[in-house]
Amino acid sequence: MARTGSKKPGLRVLVWLGVILAVLTAVLAGGTMAGQASWAPKLALDLEGGTQMILAPKVEGGSDINEEQLNQAVAIIRQRVDGSGVAEAEISTQSGRNVVVSLPGTPSSQTRDLIQASADMNFRPVLLNGAGAPVPEESRAPEDQLPKPAAEPTNGSDTNWITPEIYRQFEALDCDNPAQDEQERSDPAKPLVTCEPASGTNPAVKYILGPVEVKGSNIVTSSFQLQQGAQGAVTNEWAVNIQFDDEGTAKFKEVTERLNQFYVAAGGDTGNDPKAQFAIVLDDQVISAPRSLAVITDGRPQITGGFTEQSAKALSDQLRFGALPISFEIQSEQQISATLGGEQLRMGLLAGVIGLLLVVVYSLFQYRALGFVTIASLVVAGILTYLAIAILGWTENYRLSLAGVAGIIVAIGQTADSFIVYFERIRDELREGRGLVSAVENGWKRAKRTVLASKAVNLLAALVLYFVAVGNVRGFAFTLGLTAIADLIVVFMFTHPTLQLLARTKFFGEGHRLSGLDPKRLGAVPLYRGAGRIRTPEDKPAAVVPAKNAGAAAEAERRLTIAERRMAQKQEQLAGSSKSAAKETK
Amino acid sequence: MPSFANFGNELYTGKRSYNFVGAKKIWFIIAAVAVALSILIPVAKGGFNLGIEFRGGSEFTVSNVKTTDAAVGEKAVTDVVEGSVPRVANVAGTTMRIQTDKLTDDETLRIKEGLTSAYGVTDNEVTSTFVGPTWGADVTKQALIGLVIFVLLAAVLMAVYFRTWKMSLSAIAGMAVTMFVTAGVYALSDFEVTPSAIIGFLTVLSYSLYDTVVVFDKIRENTADVDASTRRTFAEEVNLAVNQTLVRSINTMMVAILPVGAILFIGAGLLGAGTLRDLSLALFVGILIGTAATIFIAAPMYAWLRQNEPDLVRQAKRVEHRRAESSSRSGSTAVEPAQA
């Protein structure tokens, strides 16, 4: 604080506040110019219109879900929603318990089913594969050359599964632009035509897969590690390990026995028979399709080949997630039309503006010219809050909900309270008889403590609610915390410095009638009251002055300490000099 | 308004003094009765009027309706789901709200179509909300956990700041009264308890403690060297502090309540039931009660909790002794300050 020697204390702080505001505005302007931020704060779904679903994950068997599984769940839902062609969907977790899906518009019932369904992982043998792009019309197989099943398929790898329709479907499938309307989950007993989406440098591949042979629920766990060479030395190759349960082990042994035959028959490593591959299918999409290099009898296959640490971890996570089917229960689903949200926002803002006007009128009425300081402080607090919300909307994707708007309107009162506390302290100091300049400094010293202590309570409430609560309580807590901080900044960097400056103006300093700081109106007792009597600020006028007759008073006075005697003198003078005082004390 | 400024002056000097601390028995009895009533009202009414978030079900909102006839909406629902009892309400102007039991997706779509034609609106003017029955409970449970953590932390914060747990205890007692009475008034109003109302309660919680801290800080200041003073007893110092901050309490309450009241009476009048109305009712009542509870409950309770401390008893005796002496010597009837 520029108190030492500076002629205009407070000015420097005000300049700093200006710098902060300018920097924040510049940041937001920069973001807007770069096309990433916008001047208008981002609105939450309840104001913008759209659908918000709150999903509670449910693990089969009712065990609790941990954070890792929840993050997996979010990844899965994101994949499903993106796959269903909904643009700009937002998926987030809330308090480590729920998944919140926000979509513009109204989701189709398919999208909704898709989101709710549990992860569906299984292993299918590959019958045929091909490049991800659709086969051009002219080079598609003519009718008479289509594969025709000669007999009922005898096992999962039997090409008799491929009917002409399935083959046509396979030819037409475009893995780069998957169909937007996801069909229902495939029938596990029937073949499946699907894609392995492109990942990294690997292009998309499409497959015809046989029926499900091993279910994801047969996986006990999965891990990833650096592959061990023949001598037990660690190589640089990443590998993913799966561990099946007893049922899975038996089934997987059966599958690999068959698939490995294709592998050997095709000439081992140099061969290229798709039937040697089995596909790991999650939500009807192939996530990996390794070849069966050996018969796995112990239920502990290891998948290798071209993994990075990251991709090995991703696959291992997916396998583990598939092993634990999580389904989602819709806890609440809210559809808000854009018009309804807009109407609510307008009405809320209208009410807020009316409320604010009432506050303005009341402050001017109560504090006269000082009321303008309140209003200016509220305006600065409003600008700070707005900038913070707009910038957070850009960087943290913070969205203003109706509850948040309510939080801001409510905060008007608590923000204004800081000024009220401060002004009342200044008035108290004036009543003690101080000049305005020192009243501002002394009042501030006392008010500062009160403001800090009480804002600490507010911040504490906001923090606790933000971290513990769910749903729109969080949005509310956030704005409450934000406004509390804005309030502190404004009180320290605007209201107090402004008053320091104003105290030196003629209008306020001399206590103009309309300044709200008129010592006469405040019943101030001057520090120096002539006849060599100086009142120290510490001894306040007593609560009630008992009327005394002169003799008794003198007697009592003799028995008082010096300080008390001085007090009594002052009281006497007070009682004598002020008519109203005499009336009150009878 | 010179009289208000004068009012502040007189409160400050103690010339005018309201006996908040001395009449504590009256306030405590009023508070006890109010709290008892606040518990009895919901019980007598058969619990709170729980919103759809707590009951679970589907809700449709139809805006810009041609007719506000409830029967049309009821028919649109019963045509699809026989025997269901929808709650149809005109929430504001030309907006209808229809609440039903939980519906299947198919039923939802069909009712939506039915409502669209029944009220002569376009497709995008009908919106639907589905709420699982556990959602509201979930929000409340987390909010309650938050409440307990907050109260504990706030108690520690206040105890450390004021250096006495008695202030913490009194502040929390005042807050508890505020919460109970606010909930009671809410039950009496028959407004639906929605997550917005829960937000309102949580804000009242924070406001109530906030308000108390401001007043207690003045009490702390006034009673800092009460041991050395023979002017006023501890209880009188507390009472003076409350009186000195009375103008601030009134001003703050007014400033806080004006925007909230604007939302409650203007916004809600235009918008009808919804987030803003539920929230602002809880806040409106809570701010009023919270301000009063600080003055009438928290401060007197603090004085009461400390009045039997040996140091303060001795100090009170000294004050009494000095007064007795000065008044017997003066031989006149003295107007004594507030007795505590």
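Let's start at the surface: B:Arg163 counts as exposed, because it has 9 C-beta neighbours inside 10 Å and the cut-off for exposed is 12 or fewer. Keep in mind that you're looking at a predicted model. Where does B:Arg163 sit in chain B? Look in the loop between helix 6 (135-162) and helix 7 (165-189). Its backbone is worth a glance too: phi of B:Arg163 is near 60°, a positive value in a residue other than glycine.

Now hop over to chain A. A:Arg368 has a positive phi as well, near 50°, and it isn't a glycine either. You'll find A:Arg368 in the loop between helix 8 (338-367) and helix 9 (370-395) of chain A. Is A:Arg368 buried, exposed or partly exposed? It has 18 other C-beta atoms within 10 Å, so it counts as partly exposed; a buried residue would need 20 or more.

Time to head inside. In soluble globular proteins, nonpolar side chains tend to be buried together. Here, the largest nonpolar core has 148 residues, and the ones with the most contacts inside it are A:Val473, B:Val238 and B:Ala299. Which helix gives this core its largest share? That's helix 11 of chain B (residues 275-306), which supplies 19 residues.

Let's zoom in on B:Ala299. Leaving out residues up to four places away in sequence, B:Ala299 touches B:Phe20, B:Val21, B:Val215, B:Ile219, B:Val238, B:Val242 and B:Thr294. Notice B:Val238 in that list: it's also among the residues with the most contacts inside the core.

There's also a second, separate core, with 41 residues.

Note on methods:
Residues are numbered from 1 along each chain as its sequence is written. Chains are lettered from A and ligands numbered from 1 in the order in which they are written. This is a predicted model: local features need pLDDT of at least 70, side-chain atom pairs count only at pLDDT 80 or more; totals for chains, interfaces and linings use all residues. A nonpolar core is a set of buried Ala, Val, Leu, Ile, Met, Phe, Trp, Tyr and Cys residues joined through C-beta atoms within 7 Å. Helices (H or I, at least four residues) and strands (E, at least two) are DSSP runs, numbered from the N terminus. Two residues are in contact if their C-beta atoms, placed from the backbone, lie within 7 Å.
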